[in-house]
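This report goes through one structure from its helix packing to its aromatic contacts and a few individual residues. Please keep the sequence and the coordinates at hand while reading.

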Amino acid sequence: MTIPFWCIVIVIFIPFVLAGIGGAARGKAFGTADNKAPRAQAAQLTGSGARTYAAQENAWEAAIMFTAAVLVTHAAGLPAATAAPWTIAFVVFRILHAVFYIQDIDKARSGAFLGGLICIIALIIKAA
């Protein structure tokens with residue numbers, strides 16, 4: 001499996017890691033994580049717990065766009081070695097995005113988002 005495909009795997013797991021962190025935040029805030037109505041309980045969170053859930057939602061959205069970009073590069077015949085630096089950078093930006101989101105460092109979070117978006121755009125341009 002190529003580096004770009006491994007990066008897809010990593011990016012797909014980021015929301016699951018954030019879900020675990022969010023579940024711990026629910027447990028800490030409410031004494032237990034309500035597994036019967038987790039979204040309703042998560043909606044009551046404030047602070048870093050609420051930001052963790054927002055980061056999780058954003059991570060799912062980014063995973064869809066990134067996966068599409070990598071598949072486009074693959075279908076276009078772009079060598080994996082050419083795509084790899086952009087896919088690795090995207091993974092780094094997305095991890096930083098989640099950290100900055102949870103820590104409420106808004107400008108850095110926006111920068112990490114923009115960095116990831118630039119990686120997706122670059123992949124699509126290179127595939128053209």
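## Helix packing

In this predicted model, helices H3 and H5 run roughly parallel to each other, because the angle at which they pack is about 20 degrees and angles under 35 degrees count as roughly parallel. Their axes lie 8 Å apart, and the crossing in which H3 passes H5 is left-handed.

H3, which spans residues 47–76, also packs against helix H1, which spans residues 3–30, and here the angle is about 170 degrees, with the two axes 9 Å apart. H1 is therefore roughly antiparallel to H3, given that the cut-off for this description is an angle over 145 degrees. Sorted by class, the residues in the contact of H1 with H3 comprise 21 nonpolar, 7 polar and 1 charged.

These helices belong to a chain that has 5 helices and 0 strands, so that the order of elements from the N terminus on reads α-α-α-α-α. Taken along the principal axes, the box filled by the C-alpha atoms of the chain is roughly 50 × 30 × 15 Å. Of the 128 residues in the chain, 37% are buried.

## Aromatic contacts

The structure holds 3 aromatic pairs, and two of them share Phe16, as the table sets out.

| Pair | Centre to centre | Angle between planes | Type |
|---|---|---|---|
| Phe13 and Phe16 | 6.0 Å | 50 degrees | tilted |
| Phe16 and Trp60 | 5.1 Å | 85 degrees | edge-to-face |

Phe13 and Phe16 are 3 residues apart in helix H1, which means that about one helical turn separates them. Why does the pair of Phe16 and Trp60 tie together parts that are 44 residues apart in sequence? The reason is that Phe16 lies in helix H1, whereas Trp60 lies in helix H3. Phe13, Phe16 and Trp60 together form one aromatic cluster.

## Individual residues

Two isoleucines, Ile10 and Ile125, complete the account. Ile10 is found in helix H1, and its relative accessible area of 41% makes Ile10 partly exposed. Although Ile10 and Ile88 are 78 residues apart along the chain, their C-alpha atoms are separated by 9.9 Å.

Is Ile125, which is found in helix H5, buried or exposed? Ile125 counts as exposed, because its relative accessibility is 57% and the cut-off for exposed is over 50%. Helix H5 itself covers residues 106–127. Between the C-alpha atoms of Ile125 and Leu45, which are 80 residues apart along the chain, the separation is 40 Å.

Methods. Residues numbered from 1 in each chain as written. Predicted model: local features only at pLDDT ≥ 70, side-chain atom pairs only at ≥ 80, totals over all residues. Heavy atoms only, no water. Axes fitted to C-alpha atoms, helices over the stretch in contact; angles between N-to-C directions. Helix = DSSP H or I, 4+ residues; strand = E, 2+ residues; numbered from the N terminus. Parallel < 35°, antiparallel > 145°, perpendicular 65-115°, else oblique. Nonpolar A, V, L, I, M, F, W, Y, C, P; charged D, E, K, R; others polar. Buried < 20%, exposed > 50% of the residue type's maximum accessible area, 1.4 Å probe, protein only. Phe/Tyr/Trp six-rings, centres within 6.5 Å; stacked < 30°, edge-to-face > 60°. Left-handed = near helix turned anticlockwise from the far one by under 90°.
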